[in-house]
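Some comments on the model follow, as numbered points.

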Amino acid sequence: MLEWLDNLLSFLPDPLRALVIIVVQIAPLLITLILCVAFLTYLERKIIGYMQVRIGPNRVGPRGWFQPFADTIKLILKEVIIPSRANRFLFLTAPLLSIVPALATWAVIPLFPGFAIAEIDAGLLYVLALTSLGVYGVILAGWASNSKYAFLGAMRSAAQIVAYEIAMGFALVGVLMAGGSLNLGTIVERQMGGFLNWFWLPLFPLFIVYFIAGVAETNRAPFDVAEGESEIVAGFHVEYSGVAFAIFFLAEYANIILIAALTAVMFFGGWESFFAGSWFAFLDGTPLEFVRWPSLAWLAVKIAFFLFWFLWLRATFPRYRYDQIMRLGWKVLIPVTIVWIMVEGVMVVAQVGPWSGAT
Amino acid sequence: MLTTAIFWITATVLVGSALGVITSRNPVFAALFLVLSFVTSAVLWLLIEAEFLALVLVLVYVGAVMVLFLFVVMMLDVNMTVLREGFARYAPWATIFAGVIVFELVSVIWATGSGLPVANLLAGQAPGHSNTEEIGLELFTKHVVEFELAAFILLLAIVAAIMLTLRQRPGLRRQNVAAQVATRRADRVRLVRVEPERE
């Protein structure tokens, strides 16, 4: 789809041209993501505000729309304080270690029909491998800060993420079995034909487990024990200030958007249209026909839907106690996934269910 | 050409970080160097089109095993003098084992260069080739017995590890989660209608 650019740059040597084309694809995605993160923070404060019968930010710009920019400018202008006897190198590397995986995973997400920045064969594994790297930022931040509270946050986070990653991986095994491929684009194509063909229905328990594990992986309420501001002040990032803190903040919200996007891609048909099924065939030929076409807009709608869930959960539930988190992860979520993988295996062999053709 | 450049850069980083694992004084840094060497070897595996193994290496070793390593290592209060005590006693044995490992590695590299079938296996595959699918087919057809045996040994290890940590102390007060979940409002709260006092 970028042939015209390829022709335009034909005077460049091959490797350089490839690099330019890749950067041209990455830049718009990255800018959109960072803008989304900025406004997600505004949205969060506004939505939680309304849920708690408050107004939320409304001072900067019309209806408070410029609040994220005010926050950003404030954080950039603040001083980055490095605690005494902290490990300087790791202290400054840790925020980068949490932002890089959150952004790099977007390379394999199918954005619209037939397009992902990197159309790799083992996309699902790539997603799992990269999301598992995000925990290093939290652990190293906690250790390098030379602070007891930060260290407690890091310890909690390490155990929690290892526990929930297993449930997450098992849930994705179910998606892989139903989709018959590790390529995310193929997985989306397998869900063609309206919302009843999306994997959320046949894989309903796995969808629930995946979303819960996703909330836990992003350290969001009700699983935010790594931060736990009422118990260990702010957990792993208690010593961070200024831009270093801003990067942690960016990483947290980029991870939320990522989990929302992955849930949409793997269980809710990615860029498929909600109205694609034969029930809505009457729309063909009318001016509303365009709502049946698969597009980036549908992916965006689904991501926004799951983002709202994240905020809703935060406004609704109190924080889990640490032992309850462990119990939920090991004794509830993992058995549920194992049972459903077995059920799915039997149904694949017996050729029952919508995924029967996937083998 | 680009591939060769990537190979040399990652290979250099790999050797450097492997040296870092055994030379750094701080165990946290040693663990982090190990993470770096896992990641760089994953890149090397990607270069020989073993994408499944490369990604699983990152997922399992970097994402899970090394996190637990770090978890333990960070809480250690390491005394280096105690650790170095047995150095002279173990040095001869260590040299012998290191020599055997070096011999094995060198012989594999020689075999690769001398036109044995090993060399052909690393040749590039057609674009549509799925590494994952091939590994799955091999594991579940040709090597199914070994695969199941390995799975059984792992299961045994899990059971053993759980049994080792499972100790019943007398007088331990545990929470009964099922009872907590089953609690209803009527068990805890009693609403009493109190008549307002009249003067």
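1. Helix packing. This is a predicted model. In chain A, helix H7 (residues 148-179) packs against helix H12 (residues 322-349) at an angle of about 15 degrees, and their axes are 9 Å apart. Because angles under 35 degrees count as roughly parallel, H7(A) is roughly parallel to H12(A). The crossing of H7(A) and H12(A) is left-handed. Sorted by class, their contact has 19 nonpolar, five polar and two charged residues.

2. Nonpolar core. The largest nonpolar core has 117 residues. Those with the most contacts inside this core are A:Trp106, A:Tyr136, A:Tyr164, A:Tyr210, A:Met266 and A:Phe267. Which helix gives the most to this core? Helix H10 (residues 242-267) of chain A does, with 16 residues.

3. Surroundings of A:Trp106. With neighbours within four places in sequence left aside, A:Trp106 is in contact with A:Leu29, A:Leu33, A:Leu111, A:Ala254, A:Ile257, A:Leu258, A:Ala261 and A:Ile303. A:Trp106 is also one of the residues with the most contacts inside the largest nonpolar core.

4. A:Phe308. This residue is found in helix H11 (residues 296-316) of chain A. Is A:Phe308 buried, exposed or partly exposed? Its relative accessible area is 34%, so A:Phe308 is partly exposed. Not counting residues up to four places away in sequence, A:Phe308 touches A:Ile47 and A:Met51. A:Phe308 and A:Ile47 are 261 residues apart in sequence, while their C-alpha atoms are 8.5 Å apart in space.

5. A:Val53. Most residues other than glycine have a negative phi. A:Val53 is not a glycine, yet has a positive phi of about 55 degrees. A:Val53 sits in the loop between helix H2 (14-51) and helix H3 (67-77) of chain A. Why does A:Val53 count as exposed? Its relative accessibility is 77%, and the cut-off for exposed is over 50%.

6. A:Asn219. Here too phi is positive in a residue other than glycine, with a value near 60 degrees for A:Asn219. The loop that holds A:Asn219 lies between helix H9 (204-217) and H10 of chain A. A:Asn219 has a relative accessibility of 6% and therefore counts as buried, since buried means under 20%.

Terms used
Residues numbered from 1 in each chain as written. Chains lettered and ligands numbered in written order. Predicted model: local features only at pLDDT ≥ 70, side-chain atom pairs only at ≥ 80, totals over all residues. Heavy atoms only, no water. Core = buried A, V, L, I, M, F, W, Y, C linked by side-chain atoms within 4.5 Å. Buried < 20%, exposed > 50% of the residue type's maximum accessible area, 1.4 Å probe, protein only. Helix = DSSP H or I, 4+ residues; strand = E, 2+ residues; numbered from the N terminus. Contact = heavy atoms within 4.5 Å. Axes fitted to C-alpha atoms, helices over the stretch in contact; angles between N-to-C directions. Parallel < 35°, antiparallel > 145°, perpendicular 65-115°, else oblique. Left-handed = near helix turned anticlockwise from the far one by under 90°. Nonpolar A, V, L, I, M, F, W, Y, C, P; charged D, E, K, R; others polar.
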